[in-house]
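Please report on the packing in this model.

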Amino acid sequence: MKLELAAEYTVELYGLNEKPSDIMREWLDMAEYEFKCRVGLKPYAKELLELLHGLGIPVAAATTSRRSLYRPALERNGILGYFDAFSDAENAERGKDSPEIFLRAAEMLGKEIKDCIVFEDTPQAIRTAKKAGFTVAAVAEKGKAVDSDFFGSADMVIEDFTGVFKELKREAECKKIFAVN
């Protein structure tokens, strides 16, 4: 859900006397601190991005976050430069309940849906991307049981990027070996 809708939903659900705009400001302040100071990377995420970049494979981030939140985290973790495009809350009308943000990311990369893999960690976004025709990798939280209802429509389930990185690196190394011979 986009932030505005989530705040309105929260006010309505809990019968709060606060304005959605006040709740949004509080959430944004908390999120800004977390993104600037604490948000880290899943294992092998940086290595995977470095490898993709080195192979010339374009990467887009499709996020419902605002630029002012995600950019500091990407910069602090040293991965901002590995992204070729950003489809975010500032250039998409809807959240991940609509395929718009994923379609825009593919378009920004100049890629067809069939040539894209979406890595997602929420059920709604997994279903939305899959329904739009993308190959979807559900990213589970490490150590937690994989719930088929949660990840049921995904093409694959991963706990982190370790396996993806290692498989892609192995393929890239094999191609180099056979290209030289």
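In which sense do strand 3 and strand 4 pair, and over how many bridges? Strand 3 (residues 117-120) pairs with strand 4 in the parallel sense, over 4 bridges.

## Basis

This is a predicted model: local features need pLDDT of at least 70, side-chain atom pairs count only at pLDDT 80 or more, and totals for chains, interfaces and linings use all residues. Residues are numbered from 1 along each chain as its sequence is written, and side-chain values use heavy atoms, with hydrogens and water left out.

Helices (H or I, at least four residues) and strands (E, at least two) are DSSP runs, numbered from the N terminus.

3 strands form an open sheet in the order 3-4-5, with parallel pairing. Strands pair if DSSP finds at least two bridges between them. Strand 3 and strand 5 (156-158) are the edge strands; each pairs on one side only. Neighbouring strands are turned by 25° against each other on average, direction ignored.

Ile117 stands opposite Thr135 in strand 4. Strand 4 and strand 5 pair in the parallel sense over 3 bridges. Ala138 has Val157 in strand 5 as its bridge partner. Helix 6 (residues 123-131) packs on the sheet and touches strand 3 and strand 4. The direction of helix 6 makes about 170° with that of strand 4. Strand 4 (residues 135-139) is mostly covered, with 4 of its 5 residues buried. Buried means under 20% relative accessible area, exposed over 50%, partly exposed in between (1.4 Å probe, protein chains only).

## Helix 1 against helix 2

The axes of helix 1 (residues 3-14) and helix 2 (residues 20-37) come within 9 Å and cross at roughly 120°. Axes are lines fitted to C-alpha atoms, for helices over the stretch in contact; angles run from 0 to 180 degrees between N-to-C directions. The two helices are therefore oblique to each other. Angles under 35 degrees count as roughly parallel, over 145 as roughly antiparallel, 65 to 115 as roughly perpendicular and the rest as oblique.

Contact means heavy atoms within 4.5 Å. By class, the contact has 9 nonpolar, 1 polar and 2 charged residues. Nonpolar covers Ala, Val, Leu, Ile, Met, Phe, Trp, Tyr, Cys and Pro; charged covers Asp, Glu, Lys and Arg; the others, Gly among them, are polar.

## Glu100

Glu100 lies in helix 5 (residues 100-109). Glu100 counts as buried because its relative accessibility is 18%. Not counting residues up to four places away in sequence, Glu100 touches Asn91, Ala92, Glu93 and Arg94.
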